Amino acid sequence: MKKTSTRLADGRELIYYDAGDDQVRDAVDRRPLDPTVTTSEVRRDPLLGDSVAIASHRQGRTYHPPADECPLCPSSGDRLSEIPESSYDVVVFENRFPSLAGDSGRCEVVCFTSDHDASFADLTEEQAALVLEAWTDRTAELSHLPSVRQVFCFENRGAEIGVTLGHPHGQIYGYPFVTPRTALMLRSLAARKEATGGENLFDEVLAREIADGSRVVLSSDHWVAFVPYAAHWPYEVHLYPRRRVPDLLGLDEDARTEFPQVYLELLRRFDRIFGTPDGGEDGAGEPPTPYIAAWHQAPFGPLEEFEGVNRDDFALHLELFTIRRTSGKLKFLAGSESGMNVFINDVPPETAAQRLREVASS
């Protein structure tokens, strides 16, 4: 992998990640951009104990532009985009409309490919491996920023999720605090460790799912994917490395090598849950499955607030889920979910796992 860092016209950082080492990335951003101005502020809710990012400048962000004006495609002639080069493998750059910025953290955009009409599932294993390298490198780099406590790599896919740019891309958030979801896991981890004299809750969950088998979707030498026993979403898969590590930096070479094959298979199965995607031979005409793919990594720095727990107790895992509950119908977060954070799932996890096994690649 070759990494080339440069600056956009308004001073934001942009990094090219290339599979080969012979690429020269020296194109200059020719756009007349004013310096980026953000109003990001983090406010803490005294009753719930969580934090909310206030970012009014995001109201003006780019919204569903036509394909020939996509800001994530390579620049071409007089059509100038966020990426100055005429082609690229993987690109990461600072978000022009960040939810978090400065002392409140950092937000980055990850472009998985220059092909506007592709999706992550369309990538080759080599391309997916390069994305994994980019995620890992950015996790390492952002962890050194004084304003970043936790690094979150994720992809929102599909208009139903709220995606405003159709180009295949994801994001990386560097939070200045431990996120509420992670805090809950760390508290459960600490309580179980104290109650059992040192047992690791993540290890127990993974071992239980493997032993039961009814919710395992696929497994390999170094990865296991399963629908959790208490899945919140209609189709939800958690992907764990068999060897517990706290973050992407901890993955060994064998796990890294095997990841693209496993992850691409999961994504392709997701697109077949409700039938063949648009353009399929059977004419089912199902649109691509909307999903969120989220890497859960341990926070950086000491964890004194979670007594008895350290970073190595946390288990890196990827959560992949869709808000579509059946063909043409979405799972909305209504009163119980939004008002009380109590999820009601219409699809039994065992049924979801069975369906995801049925649509395996031949």
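Biologist: What should I keep in mind before we start?
Modeller: This is a predicted model, in which local features need pLDDT of at least 70 and side-chain atom pairs count only at pLDDT 80 or more, while totals for chains, interfaces and linings use all residues. Residues are numbered from 1 along each chain as its sequence is written, and side-chain values use heavy atoms, with hydrogens and water left out.

Biologist: OK, into which domains is the protein chain divided?
Modeller: The chain is split into domain 1 (2-175) and domain 2 (180-290 + 302-359), with bounds that come from an automatic or database domain assignment. Their C-alpha centres lie 24 Å apart, and the contact between them takes 23 residues from domain 1 and 22 residues from domain 2, where contact means heavy atoms within 4.5 Å.

Biologist: Which residues touch the most other members in the largest nonpolar core?
Modeller: They are Phe120, Trp135 and Trp295, in a core of 53 residues. A nonpolar core here is a set of buried Ala, Val, Leu, Ile, Met, Phe, Trp, Tyr and Cys residues joined through side-chain atoms within 4.5 Å; buried means under 20% relative accessible area, exposed means over 50%, and partly exposed is in between, using a 1.4 Å probe and protein chains only. Helix H4 (residues 253-270) gives the largest share of this core, eight residues, and helices (H or I, at least four residues) and strands (E, at least two) are DSSP runs numbered from the N terminus.

Biologist: And where does that core lie relative to domain 1 and domain 2?
Modeller: It lies between them, because both domain 1 and domain 2 give residues to it.

Biologist: What is tryptophan 135 in contact with?
Modeller: Leaving aside neighbours within four places in sequence, tryptophan 135 is in contact with Phe112, Phe120, Cys153, Ile172, Leu248, Phe259, Tyr263 and Trp295. There is also a second, separate core of 18 residues, and its members include Leu186, Phe226, Phe306 and Ala315.

Biologist: You mention Phe226, so is phenylalanine 226 buried or exposed?
Modeller: Phenylalanine 226 counts as buried, at 1% relative accessibility, and it is found in strand E10 (residues 223-226).
Modeller: The axes of helix H2 (residues 180-196) and helix H3 (residues 201-212) cross at roughly 90° and come within 9 Å; axes are lines fitted to C-alpha atoms, for helices over the stretch in contact, and angles run from 0 to 180 degrees between N-to-C directions. H2 and H3 are therefore roughly perpendicular to each other, given that 65 to 115 degrees counts as roughly perpendicular, under 35 as roughly parallel, over 145 as roughly antiparallel, and the rest as oblique.

Biologist: Which residues make the contact?
Modeller: H2 brings Met185, Ser188, Leu189 and Arg192, while H3 brings Leu201, Phe202 and Glu204. By class, this contact has four nonpolar, one polar and two charged residues, where Ala, Val, Leu, Ile, Met, Phe, Trp, Tyr, Cys and Pro count as nonpolar, Asp, Glu, Lys and Arg as charged, and the others, Gly among them, as polar.

Biologist: What about asparagine 341, what is its phi?
Modeller: Asparagine 341 has a positive phi of about 60°, although it is not a glycine. Most residues other than glycine have a negative phi. Asparagine 341 is found in the loop between H5 and H6 and counts as exposed, at 58% relative accessibility.

Biologist: Where does phenylalanine 343 lie?
Modeller: Phenylalanine 343 is in the loop between helix H5 (335-340) and helix H6 (349-358), and it is partly exposed, with a relative accessible area of 25%. Its contacts, leaving aside neighbours within four places in sequence, are His232, Trp233, Leu333 and Glu337.

Biologist: Last one, is glutamate 94 buried or exposed?
Modeller: Glutamate 94 is buried, with a relative accessible area of 18%, and it lies in strand E5 (residues 90-94). Not counting residues up to four places away in sequence, glutamate 94 touches Arg7, Gly11, Arg12, Glu13, Arg106, Cys107 and Glu108.
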